[in-house]
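Subject: Structure handover

Hello,

Here is the structure we spoke about.

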Amino acid sequence: MSLTHPVASDHQLARLLQIGMVLEEVVEARAHKHYETLGGETLDKNIVNLLKGAADESAEHRGRLESLVDELDADSVAYEEIEKLVAAQYESDTDFDGVLYDQLCNEETAYKFYDDLITAIEGSDIEFTIDRRWLLETLREIRRDERDGVEDVTALMERRE
Amino acid sequence: MNTQAQYLKTIYLVQEETDGPASTGDIADNIGVSPASANEMIGKLESRGLAEHEKYKGVSLTDEGIGHARDALQTYCIIERFLLEVLEVEEFQAEARQLESVIDETVAERLDTIIDRADCCPDCFDAGTDACELLEVDVSTEPAD
């Protein structure tokens with residue numbers, strides 16, 4: 001358990017949601033980058049579908065987190081900025097199995113992040129300016145998607161063995 | 001980063017600064033807890049083989065403890081650099097301190113994929129300014145509580 005302290009303020013909540021947005025943007029940008037680098041024609045169809053699904057899902061999560069961040073009167077993190085940073089640090093020698101492993105890390109990290117965040121919010125008695133039920137419902141749905149994502153990548157990895 | 005990691009990081013930095021064992025008082029002050037709480041955690045670190053406590057001298061980390069402390073410091077450096085470079089947070093030290101207990105090391109590893117961190121990390125961390133000395137900002141301000 002990493003979240004040993006409850007979320008203490010609107011400001012801290014907004015910052016954590018911004019970090020969630022960045023994690024989603026990293027997933028989305030890396031999925032595009034993998035596709036671009038390895039080439040759609042040479043990639044296994046299942047991996048192409050996985051990357052496309054991951055990018056679409058992250059874009060959708062990002063939008064939902066952005067709504068929460070907006071309600072907290074904080075700034076969102078522009079996707080284009082994160083896309084540039086991902087491109088600058090991207091290692092181009094990633095192979096097919098590397099792509100799958102990267103996707104697994106993405107999904108597992110995101111799941112852990114949302115799971116810890118939900119626990120920290122549940123442990124907080126702060127009255128946020130946004131509706132707590134809406135906040136938790138949104139985060140729980142996103143966490144469920146990430147858990148499903150871990151299972152999908154794991155299944156694909158097992159099929160390739 | 002969990003509580004144990006925060007203690008190990010703090011003891012490591014106090015030891016580096018004083019070039020000797022870290023006193024319980026200094027550890028408690030740095031973390032913002034009572035000496036009794038610090039003592040309790042130090043006892044746990046000892047029983048886990050991560051630290052040694054010598055009466056009237058202070059706490060020293062074992063080799064294993066130093067390894068964990070350096071990992072924790074690296075996670076902290078990632079959080080600071082991410083806040084400054086990506087989210088452009090001016091008071092990045094204060095916020096990093098608030099968030100270090102909230103950000104897991106696996107999350108920090110992902111954030112690390114978009115920041116520009118030097119290979120020498122965490123040796124470039126300056127405990128006096130509570131920031132990496134390679135960060136291109138004015139870190140002359142007092143570190144946050």
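This is a predicted model: local features need pLDDT of at least 70, side-chain atom pairs count only at pLDDT 80 or more; totals for chains, interfaces and linings use all residues.

Domains of chain B

Contact between the two involves 5 residues of domain 1 of chain B and 4 residues of domain 2 of chain B. On the domain 1 side, the touching residues are 1 nonpolar, 1 polar and 3 charged.

Contact between the chains

Chain A puts 22 residues into the contact and chain B puts in 17. On the chain B side, α5 (92-99) and α6 (105-111) each supply at least two residues. The most comes from α6(B), with 4 residues. Sorted by class, this side of chain B has 8 nonpolar, 6 polar and 3 charged residues.

The core

The largest nonpolar core holds 75 residues. A:Leu17, A:Val22, A:Val26, B:Leu8, B:Ile11 and B:Ile79 have the most contacts inside it. Helix α1 (residues 10-38) of chain A provides the largest share of this core, 13 residues. Domain 1 (3-66) and domain 2 (74-132) of chain B both contribute residues to this core, so it lies between them. As general background, nonpolar side chains tend to be buried together in soluble globular proteins.

Helix α2 of chain A

Helix α2 (residues 45-71) of chain A has 27 residues. From first C-alpha to last, α2(A) reaches 40 Å, close to the 39 Å expected at 1.5 Å a residue. An α-helix has 3.6 residues a turn, so residues three or four places apart point the same way. After α2(A) comes A:Asp73, which has a positive phi near 65°.

A hairpin in chain B

Strand β1 (residues 51-54) and strand β2 (residues 58-61) of chain B run antiparallel and are joined by 4 bridges. B:Glu52 is opposite B:Ser60 in β2(B). The hairpin has 3 residues between the strands, and B:Tyr56 takes a positive phi near 70° there.

Regards

Terms used. Residues are numbered from 1 along each chain as its sequence is written. Chains are lettered from A and ligands numbered from 1 in the order in which they are written. Two residues are in contact if their C-beta atoms, placed from the backbone, lie within 7 Å. Ala, Val, Leu, Ile, Met, Phe, Trp, Tyr, Cys and Pro count as nonpolar, Asp, Glu, Lys and Arg as charged, and the others, Gly among them, as polar. The expected span of a helix is 1.5 Å times one less than its number of residues. A nonpolar core is a set of buried Ala, Val, Leu, Ile, Met, Phe, Trp, Tyr and Cys residues joined through C-beta atoms within 7 Å. A residue is buried if 20 or more other C-beta atoms lie within 10 Å of its own, exposed if 12 or fewer, and partly exposed in between; C-beta atoms are placed from the backbone. Domain bounds come from an automatic or database domain assignment. Two strands pair if DSSP finds at least two bridges between them.
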